[in-house]
Amino acid sequence: YSKQAQQAALLDAYMYPRTTNVARLYHATMGFDEKSNKSGIASNPEEQKLLDMGWFKYYIQGVGTRFEEINDLDPGMMASAFGLKGEDRINWGLTRICKALGMCNGFDFKPLDLAQAQTMVKNMGNAAGRQQQLDQFINDLRTQQNHPELYNIELYIFGCGRGAAEARTMINWLYDYLLSREENAETRQWIEEQRRQKAIDAQNKTQNAGTNGQQAGTQQAGTQQAGTQQAGTQQAGTQQAGTQQLASQQTTAPSQTVVNSA
């Protein structure tokens, strides 16, 4: 391993990295922390309260930094330059949602240990693989008796730079996955109808804009034609006035000659 990787391995995972704003925000967030408690079982009243409330927080190291959970032990320059193993980090984030669901009070406890999560990430290289792995875990969750039904999940995902891009991608993949599930068929149909209606509205707007533009062009052409006709009329009037003046001059000139001869 490189010298940087060896130094990073000596740091506690909870404290690594320590200097970025994203890491600081993670440390300041309330939630059950798997980095400080890997067992998933509360070791003190404060942790138990967080578990009861269903508050969890997870930190995913950015590309180019050591991330042992996905076996990215010595990223090197290639990872920093090209974002290698960025997809694995996004899929790891999806497994953290699964782990939180298995630990919350809405379902019977279903552990997701490191080896299982790593296997999931390994098989989540495409949309079909993600759906299969997520379905396999989520479909096996069992609702607890005499517990409130879980009806809402709030996610706060943030990052900086490429971390922000990974956060957006994770939301998009999660969105696509949830819409693919049968229980969301009605929502999926509603979204498709909204998209079709939006496309129709955009097409009508474009057509109306074109029609209005053509109508405005026709009116402008009609105005120009009217202006041309008016100019032609004025020119004809000017020519007629000039002809009348010329005729008057011709009539006056002979009478002057006669007078002078006399």
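Predicted model: local features only at pLDDT ≥ 70, side-chain atom pairs only at ≥ 80, totals over all residues.

Mentor: Residues are numbered from 1 along each chain as its sequence is written, and side-chain values use heavy atoms, with hydrogens and water left out.

Trainee: How many helices and strands are there in the protein?

Mentor: Helices (H or I, at least four residues) and strands (E, at least two) are taken as DSSP runs, numbered from the N terminus. Read from that terminus, the elements run α-α-β-α-β-α-α-α-α-α-α. The count for the protein is therefore 9 helices and 2 strands.

Trainee: What percentage of the residues of the protein count as buried?

Mentor: Buried means under 20% relative accessible area, exposed means over 50%, and partly exposed lies in between, with a 1.4 Å probe and protein chains only. The accessible surface, from the Shrake-Rupley method with a 1.4 Å probe and, for residues, with only the protein chains shown as cover, comes to about 18,000 Å², of which 53% belongs to carbon and sulfur atoms. Of the 262 residues of the protein, the share that counts as buried is 27%.

Trainee: Is L51 buried or exposed, and which residues does L51 touch?

Mentor: L51 is part of helix α3, which covers residues 45–53, and because its relative accessibility is 8%, L51 counts as buried. G40 lies 11 residues from L51 in sequence and 9.1 Å from L51 in space, C-alpha to C-alpha. With contact meaning heavy atoms within 4.5 Å, and not counting residues up to four places away in sequence, L51 touches F32, G40, A42, F56, M103 and N105.

Trainee: Where is F109 placed, and which residues does F109 touch?

Mentor: F109 sits in the loop between α5 and α6, and its relative accessible area of 49% makes F109 partly exposed. Once residues up to four places away in sequence are set aside, F109 touches G40, G102, M103 and Q144.

Trainee: Which residues is N91 in contact with?

Mentor: N91 belongs to helix α5, and because its relative accessibility is 1%, N91 counts as buried. Leaving aside neighbours within four places in sequence, the residues in contact with N91 are V121, M124, R130 and W173.

Trainee: What distance separates the end C-alpha atoms of helix α7, and which helices do its buried residues pack against?

Mentor: The expected span of a helix is 1.5 Å times one less than its number of residues, so the 12 residues of α7 (residues 127–138) should span 16 Å, which agrees with the 16 Å between the end C-alpha atoms. The buried residues of α7 are G129, R130, Q133, L134, D135 and F137. These buried residues pack against α5 (86–103), α6 (114–122) and α8 (162–180).

Trainee: How many salt bridges does the structure hold, and which residues do salt bridges that share partners join into one network?

Mentor: A salt bridge is a side-chain nitrogen of Lys or Arg within 4 Å of a carboxyl oxygen of Asp or Glu, and the structure holds 7 salt bridges. One of them pairs D140 with K110 (3.0 Å, N to O), and this pair links distant parts of the chain, since D140 is in the loop between α7 and α8 and K110 is in the loop between α5 and α6, 30 residues apart. Another joins the side chains of E183 and R181 (2.5 Å, N to O). The residues that salt bridges with shared partners join into one network are K110, D140 and R142.
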